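Visitor: Could you take me through the salt bridges here, pair by pair? I'd like a close look at how they sit in the chain.

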Amino acid sequence: MAKGKQLRLTKRVVDAAEPSESRYVVWDSELSGFGIRIEVSGAKAFVIRYRAAGGGRTAPQRLVTVGKFGNLTVDEARKQAKVLLGGVAVGEDPGDERRTKRTEMKMNGLIDLYEEDGCYIQRGKRQGEPMKERTKTYTIARLRHHVVPLLGHKRVTEVGIPEIERFFRDVAAGKSRSDTKIGPRRRIVVRGGDGAARKVFRDLSAVFSFACRHGIVQNNPCEKAVVKKTDHQRTRFLTLDEVALLGAACDALEAEGVNIKALTIARLWALTGCRRQEIAELKWSEIDFERGLLILDDTKTGKSIRPLAAVALEILKTIAPIEGSAFVFPADRGEGHFQGTKTIWPKIIKKAGLPGVTPHTLRHTLGATATSSGEALALTGAILGHASLRSTMIYAHVQHDPSRKAADRVGRKIAAALAGKPPLAGRNRKTA
């Protein structure tokens, strides 16, 4: 469907409107100023367009959302649009009225608005791009599980720094904890805790930044809130001895008949440093066997090219493609990729005796091993697919194995000098 094209909007027309690389509007040919906006994510909302302040070419043009498609039918939205545009004709400004009402908006309403219009990357290389669907799903889920129960009843203008600090402490203390049954053998379990508090605090800060940009609030109370935004712990990674334990656990489980796909994925996590889903969702089209590269179309930082270790490449060469599936690790039943690692990974770390280790720990392990082996940070960043060297800098402090040995050598010399012992001329020199 061509962008900007005018058609008489019907359910069939709206259903047929496909998402594009950028949001666009299909305007109604029957009611001037009425249209349907299609987001990159595929979400659709009815809008009106008009000029405020009595009209005229110099008047500001405004775009106001009438409602979501699905919540409103095309006919219902057209009726509401007629009322709003009729008000514009007699000097009313529905956009300004809505901005006034938004100052009285409650937090649960603000989160609804953020889900509809605010889930975009706010900074960095992908600034302005929509969140990936999985990121958006998790973000909105955290906001609804923690913010809505604790702050949802408050007006946005009532939430200041003291309320934010209290909210953070309450989530950390587990006051937003819940266990909800949503279907047969399906539950949503919300636990809270320090990690949850830090994550939802970042989400809530993004919500308030969005509210500031849209004139709903004057400032972001999260910016000056005194909370523990980080645990200040070093990045967890495995020593080579621990990696050996992990490998032995995978070998033992393979001998016991555990699903080979899950074990192969785990080994590739360790050998490539890729993120969990980058391997689980890997497609044959993303592997360049000739040049030894992974060419990932859609990662956290966009398209990414990663060098592959020869041992990882050999593992991939042993896997036989399944006819009809684009995935290297297709699901055992149905379409899509294999998702059994969620149940098998706990078995791996239990057998290895490595409690608390996650698949992402293996990514940190590769980074730590690279820098500890003397590899340049830029090369380590290339292996991990970092968009900037700043991301790789977290591994600069873990070059401790070679440096500790050097410190031992130097320390022995200093200690000998402090003890008044003469330095040895050579390794084989013997004292009388």
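Guide: Searching the whole structure turns up 22 salt bridges, each being a side-chain nitrogen of Lys or Arg within 4 Å of a carboxyl oxygen of Asp or Glu. Bear in mind that this is a predicted model, where local features need pLDDT of at least 70, side-chain atom pairs count only at pLDDT 80 or more, and totals for chains, interfaces and linings use all residues. Residues are numbered from 1 along each chain as its sequence is written, and side-chain values use heavy atoms, with hydrogens and water left out.

Start with glutamate 30 and arginine 8, whose closest N and O atoms are 2.8 Å apart. Glutamate 30 is in the loop between β2 (24-28) and β3 (34-38), and arginine 8 is in the loop between β1 (6-7) and α1 (11-16), so their bridge ties together parts 22 residues apart in sequence. Helices (H or I, at least four residues) and strands (E, at least two) are DSSP runs, numbered from the N terminus. Glutamate 30 is partly exposed at 43% relative accessibility, and arginine 8 is partly exposed at 41%; buried means under 20% relative accessible area, exposed over 50%, partly exposed in between (1.4 Å probe, protein chains only).

Next, arginine 37 pairs with aspartate 117, closest N and O atoms 3.3 Å apart. That joins strand β3 to helix α4 (residues 107-117), 80 residues apart. Arginine 37 is buried at 6%, and aspartate 117 is buried at 16%.

Finally, arginine 142 meets aspartate 203 at 2.6 Å between the closest N and O atoms.
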